[in-house]
Amino acid sequence: MTEASKVMPTASRARRDAGKVRWAIVGASQIARSWVAKAIQSVPDAELVAVVSRSADRGRAFADDLGIPVSATSLKSLLAETAIDAVYVSTNNDRHRDDTLEAAAAGLHVLCEKPLGLTLYDAVEMARTCDRAGVVLATNHHMRGAATHRAIRDLVLTGQIGRPLAARVMYCEYLPKELQTWRTKDKTQGGVIYDLTVHNVDVLRFVLADEPVEVMSMKASSLIGENGVEDQVQSIVNFASGLIAYMHEGQVFAHHETALEIHGTEGSIYGRGILDEAPSGRVYVRRGTEMTEIPVEPANLYATTIARFNAAVLHGDRPAATGWDGVASLATALAVRRSAQEGVRVSVPRFEKNPPVPVA
Ligand code: NDP
């Protein structure tokens with residue numbers, strides 16, 4: 001690792017003209033280590049400059065292992081010495097709000113992990129603050145970077161299966177032992193709803209270009225959830241178009257294949273093994289009894305997300321999932337939680353600033 005850069009922060013626009021986005025990772029997390037750091041390093045117009053960790057030792061080890069030039073123990077101390085354009089907030093769920101607001105106040109663009117916040121109030125505050133600060137806020141709903149999901153979305157939006165009537169999405173996996181920490185024990189920020197339901201909601205919103213309006217859910221602490229933390233949940237979701245979706249998220253299934261199905265008037269789409277961090281799975285269209293595989297060129301989901309984020313910063317494009325997408329997907333996930341807790345149907349609030357996914 002080299003010494004910290006002595007370059008003083010310069011105006012964001014001047015750095016944009018240089019054509020590269022200078023990144024810092026906030027939080028020396030497992031997902032940053034496994035996927036996102038390398039994804040940033042693989043994208044030509046991105047430069048991974050620094051990591052911020054509360055622990056100097058953990059930050060230094062992370063930086064050394066991943067070839068990151070600078071490590072710092074706070075964003076403030078980093079910015080005193082190093083010019084940064086964007087941060088990837090990869091901390092625990094209960095730190096997303098504060099880390100995002102601190103970055104926005106410093107004029108930095110933010111890619112924040114999901115769930116965007118713990119409450120709708122926090123998430124809306126994050127999105128509004130970033131809008132006012134004129135910085136990009138994106139949510140790391142990385143499935144939007146999956147070639148399989150993009151292929152399914154294209155099939156749906158180009159009318160290949162006619163009018164979609166129903167959907168099913170099953171993000172069921174076994175949470176590795178080493179991740180059974182705050183996710184499975186801490187009621188304030190853990191549980192499968194914050195972990196996977198937000199993803200499933202976002203997947204459906206993305207591939208259908210449709211918005212949930214009402215949910216009915218049940219949850220359980222079946223195997224690994226402690227202190228009342230849920231480890232699986234099942235829901236029925238009504239969408240604005242009239243489509244009905246079934247969602248199942250679980251952290252307790254060692255043998256369950258993930259799946260996404262969309263059933264329309266002219267055909268059905270079957271996505272098998274396609275909810276993951278790695279590029280994986282297959283997509284089929286079924287008409288009558290005939291099943292046809294749709295060829296999909298695999299791509300790194302996180303690299304696609306970073307490339308889209310950079311395009312938003314450098315050229316004003318739309319990131320893969322905006323901050324307001326993070327708000328909307330969280331809103332439905334929180335409706336799922338309330339429905340499961342209270343045993344009632346729950347309406348999903350809509351947001352003015354939540355633009356529908358463009359149909360193009
Ligand atoms: P980790 O538990 O690995 O890390 C979370 C935070 O804890 C880190 O920011 C780090 O903060 C601290 N930390 C890391 N290792 C240790 C340790 N050994 N002892 C004590 N503290 C430690 O989180 P995950 O990577 O599992 O998740 C981070 C975020 O990413 C979450 O919001 C999660 O929901 C999301 N996520 C998203 C995925 C996606 O594909 N979109 C996939 C997986 C997770 P610090 O360095 O400041 O101390």
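The legends below describe close-up views of a predicted model. Local features are given where pLDDT is at least 70 and side-chain atom pairs where pLDDT is 80 or more, while totals for chains, interfaces and linings use all residues. Residues are numbered from 1 along each chain as its sequence is written, and side-chain values use heavy atoms, with hydrogens and water left out.

**View 1**
The ligand is surrounded by 23 residues, where a residue is counted as near a molecule if one of its heavy atoms lies within 4 Å of it; the closest are Ser53, Arg58, Asn92, Asn93 and Tyr302. In the side chain of arginine 58, an N or O atom is 2.3 Å from an oxygen atom of the ligand. Glutamate 113 brings a polar side-chain atom to 3.0 Å from a nitrogen atom of the ligand, and tryptophan 182 has a polar side-chain atom 2.9 Å from an oxygen atom of the ligand. Taken alone, the ligand exposes 900 Å², of which the protein buries 81%; accessible areas come from the Shrake-Rupley method with a 1.4 Å probe, and for residues only the protein chains shown count as cover. The elements that give two or more residues to the shell around the ligand are α2 (30-42) and α8, where helices (H or I, at least four residues) and strands (E, at least two) are DSSP runs numbered from the N terminus.

A salt bridge is a side-chain nitrogen of Lys or Arg within 4 Å of a carboxyl oxygen of Asp or Glu, and a search of the whole structure finds 21 of them. Side chains of opposite charge can pair when their charged atoms come close.

The side chains of lysine 185 and glutamate 226 meet in a salt bridge of 3.1 Å, N to O. This pair links distant parts of the chain, 41 residues apart, with lysine 185 in helix α8 (residues 182-185) and glutamate 226 in the loop between β8 (212-220) and β9 (232-239). Lysine 185 is partly exposed, with a relative accessible area of 36%, and glutamate 226 is partly exposed with a value of 36% as well. Elsewhere, a network of salt bridges links Arg144, Asp202, Arg205, Glu211, Arg318 and Asp325.

**View 1. Threonine 139 and its polar contacts.**
Threonine 139 belongs to strand β6 (residues 137-139) and counts as buried, at 1% relative accessibility. A polar atom of the threonine 139 side chain lies 2.8 Å from the backbone oxygen of threonine 322, and the side chain of threonine 139 also reaches the backbone nitrogen of glycine 326 at 3.4 Å. Such a polar contact is a pair of N or O atoms within 3.5 Å; within protein, one must be able to donate a hydrogen and the other to accept it, and residues adjacent in sequence count only if both atoms are side-chain atoms.

Most residues other than glycine have a negative phi, and most peptide bonds are trans. The peptide bond from lysine 114 to proline 115 is cis, with omega near -15 degrees, and proline 115 is placed in the loop between β5 (109-112) and α6 (120-133). Alanine 209 has a positive phi, near 50 degrees; alanine 209 sits in the loop between α9 (192-208) and β8 and is partly exposed at 28% relative accessibility. Asparagine 227 also has a positive phi, near 55 degrees, and is found in the loop between β8 and β9, where asparagine 227 is exposed with a relative accessible area of 55%.

Technical notes: Buried < 20%, exposed > 50% of the residue type's maximum accessible area, 1.4 Å probe, protein only.
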